[in-house]
Amino acid sequence: MTDDRLLDLGPAPRIFFLCDDPARVRRQLAGEALSPDHAGPLRHDVSTDEITPVAILSHHDQRLARFAYTGLACGGQSPVAAGAVQAAGFQVTVAGRRYGKGSSREHSPAAERMAGVRLVIAESFERIYRQNADNIGLFTSTDFGLLPRIARGEAIPLEELLQDREPLAAAILRSGGLLRFGQRHLRSAAPAAPVAADRPQTLYEKIVRRHLLATPVTPADPATGDGCFVRADWRFIHEYYTGMAAHLLDREAGASLALHEPASIVVFEDHTSYVEESPAHLKAGLVPNMRAMQQAQRDFVARHALRCHRTLTDEEAARDGGGNVAGISHAMMAEHYALPGQVVAGTDSHTPHSGALGCLAFGVGTTDMANAFVTGAVRTALAPVLRVQLDGALPAGVVAKDVLLHLLALPPIRAGGGVGKVFEFGGPVVRAMGTDERATLTNMTAELGGLTGIVEPDQETVRFLQERRGVGVALEPWMRSDPGAAYADVIRVDCSSLAPMVARPGDPGQGLALDQLASPVRIDIAYGGSCTAGKREDFEQYHAVLAWGVANGLKVPPHVQLYLQYGTTAVRDWCLARGYDRVFAAAGARILQPSCGACANCGPGSSTDAGQVTVSAINRNFPGRSGPGQVWLASPATVMASALAGELCSFAALQRRVTPAPAPQAADEHGAAS
């Protein structure tokens, strides 16, 4: 008889240490039990791409169990084969700091849970991963003192496991997961009564309190760290998550399933346009699975009459004639839906993209969204706010992506100082940026470890909404942080001292100034696109570099493949109207229709060989991201300059290498050159 008040793993539980040393990982898989002293250094920064590689995310059932940790990189090797963790019978996983970095994919804790893991112990966890684990009943802890007790076969009281957890997280775990908790407590959630502010507040705090829901299990006036529920103005999902959400909801509600306010739900098909050219999916024979996943979303959309944006293949785009409105979910939310002061929740870690408009936008997992679909309540916690003050002025050739790569390389951020925080971006550099560049900052809050990024709306926001969407917005006095508002910390950056940056393969936090590279880095692939770098201002940067190159007799060398992928149809049409496509073609680029692609390892531009080197404008370069090769991150201009040079190179450095072509001579009135 089991006792649900105890975590009892039996007399001889198996503990899996995610070691830096691949040989020690293999020894454990073969049956050897290691002690903490013999495990050696643990892997830090284990990403969700490593726990469950993107190519297998078409699975959302028990088949996921076979793929736990199959992307794990240790010492340059991938020591975990499909089915190995499940066969070894591990019940506890142990790792270093910032466990679960990366995407919001709930597939990762689900695969661990299905493979038999009941508890993950790590020095620290990323917010979305840990929340997803809570939601499905997978226990997590930062208490390494549990290990000797577990090894002795001691059962751990659940209350001890939960004693340092925020009360809402603990309550969800006691309930066996969020869906059961939500059915019990959230069906009647209503707007919370306004609470008079007794101190200056940040914009983030004001938005939370304006959307706060009153529930029997959350505080009426939450303090920092308290779990709560908010009503989102928009909830969105894409095809990697919809099938799993539908499966969860059918299991819990069946035929009686009804969605809360379906008009505020937006569904995107943005990961499957080029799946039949995706090296990872072709190699693993997963294209039929991806099409089934796509169809599961279409069936869910039809069943509930939801609005859906479907991305385009090249053939569909040719037939479409420009009538379709499609693209990557994050960019589409900013282009069509999100407004200042609103709350936007999406099943993707880069949902903070829309924070550039002065709204609260954050990513959630599949169970969070399934619960939000039926109750309207989105789980969060009142987060500490970190102010990022960008002072000075950006030097020529330095853009928002360089600022983010600089921030990611700061030791406090590398150590996890941004995990779970709200990044409020401000200062003269931010005020001088266009909204697309601001969206690069907020989008990559995911890599900083934050809950979200936000920029106070201003006249640039008003201009963007009027010009791009034809929406007139009057900013309200409350839509700003109050003078004297309290911040957990302030990061100040003198942007005048920044230079073009790159991030070494393996982690976005491995940044350095491009001119500090010790030796040339030859590249094989250059990729410009993704939610982070598929916007209008990004394509202006791509065009500026390639137009200069074409004018000076340059094009992409034969050993380099260059891909440019639009973020949305609006960006594509804007570029076409300006003739940018002719320059792109003349330089030797392949143009791809708006959708997610190589960034998520689901389209052209992904590497096919471990020896290939990519320079990419995407947001993350964890092991296995964009294929098995090495991925360097850089700004749009640096990616294009590197494509023309055949090696990592800034635009300014490329210009210094090339003698400019002579300017065309003016003709006299008879047409002769003067």
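This is a predicted model: local features need pLDDT of at least 70, side-chain atom pairs count only at pLDDT 80 or more; totals for chains, interfaces and linings use all residues.
Local features need pLDDT of at least 70 and side-chain atom pairs count only at pLDDT 80 or more, while totals for chains, interfaces and linings use all residues. Residues are numbered from 1 along each chain as its sequence is written, and side-chain values use heavy atoms, with hydrogens and water left out. The largest pocket has a volume of about 1,200 Å³, and the largest cavity has a volume of about 210 Å³.

**Terms for pockets and cavities**

- On a 1 Å grid over the protein atoms alone, a cavity is a set of points where a 1.4 Å probe fits but cannot get out.
- A pocket is an open set of points with protein on both sides within 12 Å along at least five of seven lines, and a lining residue has an atom within 4 Å of a point.
- Grid points are joined across faces, edges and corners, and a volume is the space filled by probe spheres set on the points.
- Helices (H or I, at least four residues) and strands (E, at least two) are DSSP runs, numbered from the N terminus.
- Ala, Val, Leu, Ile, Met, Phe, Trp, Tyr, Cys and Pro count as nonpolar; Asp, Glu, Lys and Arg count as charged; the others, Gly among them, count as polar.

**Pockets**

- The largest pocket, at about 1,200 Å³, is lined by 46 residues, and Gly71, Ser78, Pro623, Gly624 and Pro628 are the closest to its centre.
- Two or more residues of that lining come from each of α3 (48-51), α13 (279-283) and β26 (630-634).
- α13 gives the largest share of the lining of the largest pocket, three residues.
- The lining of the largest pocket divides into 20 nonpolar, 17 polar and nine charged residues.
- The second largest pocket has a volume of about 590 Å³.
- Its lining has 23 residues, with Arg127, Arg130, Arg165, Ala381 and Gly420 nearest the centre.
- α6 (127-136) and β15 (377-381) are the elements that give two or more residues to the lining of the second largest pocket, and the largest share, four residues, comes from α6.
- Eight nonpolar, six polar and nine charged residues make up the lining of the second largest pocket.

**Cavities**

- The count is seven cavities of 30 Å³ or more.
- The largest cavity, with a volume of about 210 Å³, is lined by 22 residues, of which His271, Asp348, Cys596, Ala600 and Arg625 lie nearest its centre.
- At least two residues of the lining of the largest cavity come from each of α12 (239-253) and α24 (530-533).
- The lining of the largest cavity has nine nonpolar, nine polar and four charged residues.
- The second largest cavity has a volume of about 120 Å³, and of its 15 lining residues Gly102, Glu126, Ile128, Ala446 and Gly450 are the closest to the centre.
- α6 gives the most to the lining of the second largest cavity, three residues.
- By class, that lining has five nonpolar, seven polar and three charged residues.

**Helix contacts around α21**

- Helix α21 (residues 435-443) packs on helix α25 (residues 536-551) at an angle of about 105 degrees, with the axes 7 Å apart (axes are lines fitted to C-alpha atoms, for helices over the stretch in contact, and angles run from 0 to 180 degrees between N-to-C directions).
- α21 is therefore roughly perpendicular to α25 (65 to 115 degrees; under 35 counts as roughly parallel, over 145 as roughly antiparallel and the rest as oblique).
- Thr435, Asp436, Glu437 and Thr440 in α21 meet Arg536, Glu537, Asp538 and Gln541 in α25, where contact means heavy atoms within 4.5 Å.
- The contact of α21 with α25 has no nonpolar, three polar and five charged residues.
- Helix α18 (residues 400-408) and α21 pack at about 20 degrees with their axes 9 Å apart, so α18 and α21 are roughly parallel to each other.
- In the contact of α18 with α21, Ala400, Lys401, Val403 and Leu404 in α18 meet Glu437, Thr440 and Leu441 in α21.
- This contact of α18 with α21 comprises four nonpolar, one polar and two charged residues.

**Contact of α10 with α17**

- The axes of helix α10 (residues 178-185) and helix α17 (residues 366-375) come within 9 Å and cross at roughly 20 degrees, so α10 and α17 are roughly parallel to each other.
- Leu178, Leu179, Gly182 and Gln183 in α10 meet Thr367, Asp368, Ala370, Asn371, Val374 and Thr375 in α17.
- By class, the contact of α10 with α17 has four nonpolar, five polar and one charged residues.
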